[in-house]
Structure formats: C-alpha cells, structure tokens
Amino acid sequence: MFDFTYIWVMIIGFGVLMYVLTDGFDLGVGILFPFARSEEDRDILMNTVAPVWDGNETWLVLGGAGLLAAFPLVYTVFLPALYIGVFLMLAGLIFRGVAFEFRFKAAKGRRGLWNAAFFGGSLVATFAQGAVVGTFIQGFETENFRYVGGALDWLTPFTVMTGLGMIVGYGLLGATWLMLKTEGETQQWARGWAYRLLAALMVFFVIVSLWTPLTDEYVRGRWFDNLTWLWLLPLATVLVAARLWRSLNRSYEATPFLYTIGLFALFYAGLLFSKWPYVVPPNYTFQDAASAPESQLFLLIGLLFVVPFVLMYTAWTYYVFRGKVRADAGYH
Amino acid sequence: MELDPLLLSRIQFAFVVSFHAIFPVFTIGLATYIALLEGIAYRTQDPHWARLSQFWIKVFAVVFGMGVVSGLVMAFQFGTNWSEFSYRSANFLGPVLAYEVVTAFFLEAAFLGVLLFGRNKVPPGVHLFAAIMVAVGTFISSFWILSANSWMQTPAGFELRDGMVHVTSWLEAIFNPSFPYRFAHMAVASLLTGGFVVAGISAWYLLRGHAVTASRRALKMTLIMLAIAAPAQLIIGDYHGLNTLEHQPAKVAAMEGAWETQEGLPLLLFAIPDQANETNHFEIGIPKLASLILTHEWDGEVQGLKDWPAAERPPVGIVFWSFRTMVAIGMVMIGVALWGAWLLYRRRLVDNRVFLRVLTLMIPLPFVAVLAGWFVTEVGRQPYVLYGVITVQEGLTPSLTGGMALFTLIGYLLVYAVVFTAGLYYLTRIVRKGIPEELEEQQDPQGRPKRPLSAADTALDEPST
C-alpha cells in the first residue's frame with residue numbers, strides 16, 4: 001500500500017505553520033493591547049484582527065483532530081506531558097475569544113475587564129505555545145509509547161525562555177501586522193514596538209541557537225557533524241532580520257510583516273530539521289507515531305475535499321477585509 | 001485523603017461534556033426550526049416569518065458560539081486525561097472525530113456566514129439554501145459524534161492487534177449496532193429541546209402582549225411539531241432500550257434496578273438502590289410491567305445485576321434515577337404537547353394563560369432530560385470506556401496524578417462559570433429585547449467579523465428598552 005504518512009507530514013506541517021503565522025499575529029495584537037496609546041486606538045487594534053481571528057484558530061482545532069487521526073502518538077504524548085500547559089492555553093484562548101465579542105457590546109466605560117481578559121488570555125496562550133516548542137526541543141520521557149514523566153517537566157528554565165521568546169515573536173508579528181493595517185500615529189506607535197521586539201527576538205534567537213546544541217547531543221550532531229548546508233538557515237535568518245530592520249527604517253508598510261513571516265518560517269524549518277525524523281523526541285520518529293494506513297486514507301479523502309474550501313474561504317475573508325482600519329469605521 | 005485521578009478525570013469529563021452537550025442539542029433543533037421559518041417566509045413573502053427567523057438566528061448565533069468554545073476544550077480532553085484510550089482506539093476515533101471537526105468547519109466556512117449576515121446581500125433563494133445547509137450540517141456533525149459514542153458503547157468492525165484497534169470495516173464500525181437508535185433518539189431530543197424553548201419563549205411574549213401575531217404563529221407551528229415528536233420519542237426510546245438490552249444488558253438491569261434475574265420483572269416507580277448490599281430499599285413497583293416493556297411478554301425473563309461480578313456493574317443509583325428523571329420529563333412533555341394540541345384544535349390557545357405559563361416553565365426541562373439520558377447511557381456503560389474491551393481505569397492517562405486532575409477540574413469550573421454566566425446573561429438580554437417590530441436593516445459588518453456572536457447586536461450592559 002502507498003505510504004500516506006508523508007502526505008500527512010505535509011498536511012500537519014502546513015497546518016501548524018498556518019496556525020502559528022495567523023493566530024500568531026492576532027495573539028501578538030493582544031500582547032500589545034495594554035500598551036496602546038488610547039482606548040480609541042484599542043478599538044482600531046481589535047478591529048484589525050476581529051474579522052479573522054476565529055478563522056485563524058480553526059487551524060488549531062483542525063491540527064488537534066488531524067494529529068489524533070494521523071499521528072496519534074504525538075497527540076497522546078504531547079497532551080499528557082503538557083497537561084497543565086494545555087489547560088492554560090485553552091483557558092487563555094477562551095478568555096480572549098469571549099473578550100473579543102463582549103468588549104464591543106459593553107458600554108464604553110466598562111471595557112476594562114474585557115481589555116484585561118484580552119491581554120491576559122493572549123499572553124498566557126502565547127507563553128504556553130512557546131513552552132510547547134521548548135518541550136519539543138527538550139524531549140519527552142517515554143516508555144513503550146507512553147509518557148511517563150512528571151506534571152511540570154515541561155516547565156524548565158529552557159521552556160520558560162522559549163515561552164518568553166514566543167511572546168516577543170508573536171508581539172513582532174502583531175506589530176508588523178498593525179503597520180500593515182493602520183496609518184498615521186497608530187502606525188508609528190506600532191513601528192516603535194517593531195524595532196524593540198525585533199531586537200529582543202534576535203537576542204532570544206541567539207540564546208536558543210546556542211543553548212540547544214549545548215544541551216542536546218542529537219541536535220549538536222545534526223548541526224556540527226552532518227548536514228552542513230543547514231547553516232544556510234541561520235545565515236538566512238540574520239539576512240532577513242537585517243532586511244526587516246531596514247524596511248522599518250524606510251517606513252515600508254507591508255514588507256515588515258512579510259519579512260516577519262519569513263523569519264518565522266526559517267525558525268520553523270530550523271526546528272524541524274534539527275529534530276527530523278523525530279516527532280516525539282528523543283525516542284519516536286514520525287513513522288513510529290503514524291496511525292494505520294487505512295485510517296490515514298479514510299480521513300485523507302474527506303480532507304482533500306474540504307481543505308481547499310477552507311483555504312478559499314480564508315483567502316476570501318482576508319480579501320474582503322483588506323485595507324486600512326480607521327477609527328470611524330468598524331464598531332457600532 | 002488520596003486524590004484519585006480516575007474519579008477526578010471522570011468528574012471533569014462529565015462536567016465539560018455535559019456543559020458542551022446542552023448547546024449543540026439546542027442548536028440542532030433550532031437550526032431546523034430556522035430553516036423551516038425561512039422556507040415559509042420564502043413561500044409566503046409574509047414579513048412576520050422573516051422577523052421571527054431574524055430573531056431566532058440571533059439566539060442561534062450566541063448558542064452556536066458557546067458550543068464552539070466548549071467544543072474546543074473537548075477536542076483536547078481525549079488526549080490530556082484519556083491518552084491510553086485515545087492511543088489504542090485512535091485508528092477509528094481519530095478519523096471519525098476529525099470528520100466531525102471538518103464538517104463543522106465546512107459548514108461554518110460555507111453557509112453560516114450567509115445565514116447570519118447575508119439576508120440583504122444574497123438572493124432570498126440562496127439565503128434559504130444556506131439556512132437548510134446549516135441545519136443539515138448540524139445533523140451531519142452529530143452523526144459523526146454519535147457514531148463515535150455509539151462505537152464506544154457497542155464496538156464493531158475492528159480487531160485488536162497488540163491491544164491497538166484496527167478497523168476492519170468502516171461501514172460496520174460507523175454504523176455499529178446502537179448507532180441508528182442513538183442517532184434517532186438524539187435527533188428527536190434536539191427537536192423537542194428546540195421546540196420547547198421556542199414554545200416557551202413565544203408563550204412568554206404572548207403573556208406580555210409582545211409581538212402577538214408573530215408569537216402566536218410561532219407557538220402554533222411548534223405545538224403541532226411537539227404533539228408529533230414527543231409521543232414519537234417514547235417509541236424511539238423504547239426501541240433504543242431494546243437495543244441496549246441486547247448489547248448492554250447490565251445497563252438495562254441498572255436502569256430497572258433489577259438485582260435478581262427473574263420472569264415478570266416489576267416496573268419500579270420508586271426505590272433506593274443499595275450497591276453494597278445488592279438490593280433496593282422502599283421499592284414501589286407495578287408488577288410484571290418491566291418485563292412487558294423489555295420483552296413484550298408479561299412473563300419474559302430479564303437478567304439481573306447479580307449475573308455480573310460486582311466489579312463489572314455500573315453504579316446503579318445514578319443510572320436508575322437518571323433514567324426515571326428522563327422518562328418522567330418525557331411524559332410531562334407528551335402531556336403538555338397533547339394539551340396544547342387539544343387547545344389548538346378548540347381554538348383556545350391564546351386565551352389560556354395557565355397553559356402559556358406552564359409552557360414558559362417547561363423551558364429548562366428538555367435540557368434536564370437530555371443530560372439525564374446521557375447520564376443513563378454513559379454511567380450505565382461503566383466500568384468500560386470501550387464496552388467490553390477497555391475499562392476507564394485502563395484508558396486513563398498513565399502519567400496523570402490526582403493533583404493535576406484537581407487543578408484542571410477547578411480551572412475548568414472557573415473558566416466555564418465566567419464564560420457561560422456572561423453568555424447566558426447576554427442570551428436573556430436578547431430574549432428580553434424581543435422580536436423586532438420590523439425587519440431590521442442589517443448593518444454592514446465592515447471591519448467587524450462575520451462570525452456567530454456578531455450577528456447579535458444587543459448591547460451587553462446598557463439598559464434595555
């Protein structure tokens with residue numbers, strides 16, 4: 001039988017990247033929210049992501065369900081290992097989702113609670129996602145395909161650092177998104193944040209890049225023994241970061257966001273190539289984690305039909321809500 | 001006291017899934033009703049129908065949104081608390097649950113936006129089509145969920161290799177023995193839930209003299225549906241029970257509170273089951289009736305709980321009383337529905353204020369009945385998570401400790417308390433604001449999301465008019 005596992009690697013890999021990029025910028029807007037200059041600016045900030053944020057989160061649910069179907073081992077090791085973290089992420093996402101809806105329906109003077117929920121929810125959810133990445137790098141204590149580690153193994157200095165790095169990274173995605181979607185002083189404010197966050201992100205990039213090979217033998221071997229072309233990735237990262245900085249200097253509007261997406265894609269590739277073929281490091285590869293071929297095929301048929309539809313709808317939504325968000329339009 | 005991760009996980013799952021279930025069970029019925037209203041509005045061109053539909057679409061949007069939020073949590077519960085069960089059964093449950101998600105998104109992506117925001121933007125026929133597709137979509141979604149659940153109750157179409165489920169026949173696994181009955185029972189339960197909520201709120205409007213023409217029409221059509229669906233549910237439930245007797249006799253024994261295997265089993269109206277001493281206290285029953293219902297013979301033999309080792313018996317008290325709660329509410333619903341049909345026939349519906357008041361009091365009952373029914377079937381399959389194959393003890397996440405489970409249980413209680421208080425409060429505001437006098441011009445949601453909750457534009461905390 002044809003091996004569908006590779007197709008599924010691509011589908012899940014694509015879904016995760018889509019999630020990180022799209023929900024990344026709207027979580028980032030939530031992280032920048034309390035630093036906005038005025039309540040009026042907060043309306044603008046929220047309106048830049050309001051039409052698209054829930055569509056962005058569908059990638060998360062699709063990813064969760066897809067993992068159980070295609071790579072059940074990933075689902076049944078990651079979730080128990082990150083038990084507390086997953087709860088924090090879900091609670092955060094729920095609070096900010098509700099804040100989105102009810103902030104606009106609340107009277108003007110009573111929005112403080114919803115503002116706090118929007119910021120807090122975004123911050124906690126982002127931190128948890130960063131910790132997931134850190135935990136993935138760190139690896140899982142497993143025995144006979146089961147997670148056997150402790151409740152807080154996922155919370156180490158290293159994962160706290162990746163969690164904070166994720167906050168900075170999503171913040172940058174949010175700031176450059178806002179440069180694209182706003183104008184005037186709001187845009188200048190976003191640009192100021194983009195500078196700071198880019199600088200901070202590069203610091204985290206250097207720390208993670210040094211810390212990982214120092215503590216992880218497999219990654220060290222990957223980078224220093226075989227596969228020397230991998231060094232193109234950090235080289236490209238530095239290059240893209242420099243271009244991003246320059247585009248900020250020149251007050252470009254769309255390019256900073258595109259370069260930030262490029263940065264994230266490079267981080268993502270670097271992460272995957274460091275660990276490949278392990279998806280539940282250090283013990284299990286994507287082949288170990290895969291479900292039965294007939295199960296992979298059964299769902300694939302449905303997905304091939306639906307995913308193009310979801311993509312078209314997503315593209316259409318972004319098209320409809322293109323252009324700048326202004327203070328006068330939007331909420332009522 | 002030692003914290004038991006198994007017990008805490010079961011409580012957490014029961015809490016989260018119960019909270020989730022009340023939203024879809026309502027939206028499935030309501031979506032059907034909205035499609036019907038849109039159909040009549042399309043045929044008659046009478047604006048009263050469109051106004052009614054517009055109002056109920058707002059309610060639908062909020063309830064649907066809450067269903068999505070609570071469903072998000074469900075998607076992760078299987079892995080966090082029941083990873084062993086998920087891992088061993090992923091080859092079937094994975095694709096089936098993923099199909100549910102995919103169906104829901106497909107529905108949302110393609111048709112929900114049109115239904116919620118498209119009334120003035122697309123031709124009426126397209127709007128009607130979207131309404132029908134949303135209703136169909138909710139049924140397809142529940143199809144997959146109930147297939148997964150039924151498979152856990154009456155597993156079929158698979159074999160175990162090294163303890164892992166491998167599907168041998170998708171058709172047999174999806175359409176497993178209890179699925180058709182459970183699906184029918186649940187579908188009609190959704191219609192009854194949606195119907196009694198619509199009837200109750202319409203009656204409340206009539207009592208207050210609000211939107212009288214529209215409310216009267218809504219009430220009449222709903223009562224006709226209820227007068228058919230409520231008795232039908234009794235028959236479907238009976239078949240479902242017979243199916244359970246065939247495949248899960250221990251569950252039926254618990255429902256009947258039957259400890260001894262006997263011919264001419266009485267139907268117990270009241271009893272306090274005593275699990276430890278294997279008996280009931282204070283029994284009041286009707287002789288031989290349970291045998292008649294279950295075997296269709298006065299002296300038919302029904303297996304008692306003592307036929308199973310104590311460790312394989314479900315907790316009898318919960319199953320026994322949940323079952324009675326569900327059936328009692330079902331009987332009340334049949335009575336009220338027939339009363340309404342009779343008043344309708346005598347053309348005395350609108351002046352009978354007692355009846356209208358009773359209808360408003362009926363609003364919470366179908367939700368209680370649905371949850372009680374789920375308690376019967378879920379508690380009744382204990383100690384198994386995959387019936388006869390994997391126990392809940394085996395299915396639990398091996399690394400889970402009592403402390404972790406307690407932390408998230410309290411966490412979910414708090415999150416749900418905040419979120420659903422806000423949601424429920426907002427729903428009551430929409431209902432209080434009432435049915436619009438005229439078809440509202442929809443504001444173009446420019447810069448605002450085309451998604452469920454945004455379809456409702458009632459203010460959250462400004463005084464209502």
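Two strands are taken to pair if DSSP finds at least two bridges between them. In this predicted model, that criterion applies to strand β1 (residues 158–161) of chain B and β2(B), which are joined by 4 bridges and run antiparallel. Within this pair, L160(B) stands opposite V165(B) of β2(B). The two strands form a hairpin with 2 residues between them, and D162(B), in the turn, has a positive phi of about 55°.

A further hairpin of chain B is built from β4(B) and β5(B). Strand β4 (residues 267–274) pairs with β5(B) in the antiparallel sense over 6 bridges, and L268(B) is placed opposite G285(B) of β5(B). Here 4 residues lie between the strands, and E278(B) adopts a positive phi near 55°. How many of the 8 residues of strand β5 (residues 279–286) of chain B are buried? The number is 0, so β5(B) lies largely in the open. In a regular strand, side chains alternate between the two faces of the sheet.

The axes of helix α1 (residues 5–44) of chain B and α2(B) come within 7 Å and cross at roughly 155°. Because angles over 145 degrees count as roughly antiparallel, α1(B) and α2(B) are roughly antiparallel to each other. In passing α2(B), α1(B) makes a left-handed crossing. The residues of this contact comprise 25 nonpolar, 11 polar and 1 charged.

Helix α3 of chain B contains L112(B). This residue has 25 C-beta neighbours inside 10 Å and therefore counts as buried, since the threshold is 20 or more. Beyond residues up to four places away in sequence, L112(B) touches L107(B) and V134(B). L112(B) and A130(B) are 18 residues apart along the chain, with their C-alpha atoms separated by 7.1 Å.

By contrast with the buried L112(B), L427(B) is partly exposed, because it has 18 C-beta neighbours inside 10 Å. L427(B) is located in helix α14 (residues 402–433) of chain B. Leaving aside neighbours within four places in sequence, L427(B) is in contact with V59(B) and V62(B). In relation to F60(B), L427(B) is 367 residues away in sequence, whereas the C-alpha to C-alpha distance is 9.7 Å.

Several of these elements also take part in the interface between the chains. In total, 51 residues of chain B are in contact with 56 residues of chain A. On the side of chain B that touches chain A, α2 (47–81), α3 (83–117), β2 (164–167) and α14 each supply at least two residues. Of these, α3(B) gives the most, with 16 residues. The residues of this side of chain B divide into 31 nonpolar, 15 polar and 5 charged.

Helix α3 (residues 53–70) of chain A packs with α2(B) at an angle of about 30°, the axes being 10 Å apart. That angle makes α3(A) roughly parallel to α2(B), and the crossing of the two helices is left-handed. From α3(A), the contact is made by V61(A), G64(A), A65(A) and L68(A), and from α2(B) by L72(B), A75(B), F76(B) and F78(B). These residues divide into 7 nonpolar, 1 polar and no charged.

Conventions. Residues numbered from 1 in each chain as written. Chains lettered and ligands numbered in written order. Predicted model: local features only at pLDDT ≥ 70, side-chain atom pairs only at ≥ 80, totals over all residues. Buried ≥ 20, exposed ≤ 12 C-beta atoms within 10 Å, placed from the backbone. Contact = placed C-beta atoms within 7 Å. Nonpolar A, V, L, I, M, F, W, Y, C, P; charged D, E, K, R; others polar. Axes fitted to C-alpha atoms, helices over the stretch in contact; angles between N-to-C directions. Parallel < 35°, antiparallel > 145°, perpendicular 65-115°, else oblique. Left-handed = near helix turned anticlockwise from the far one by under 90°.
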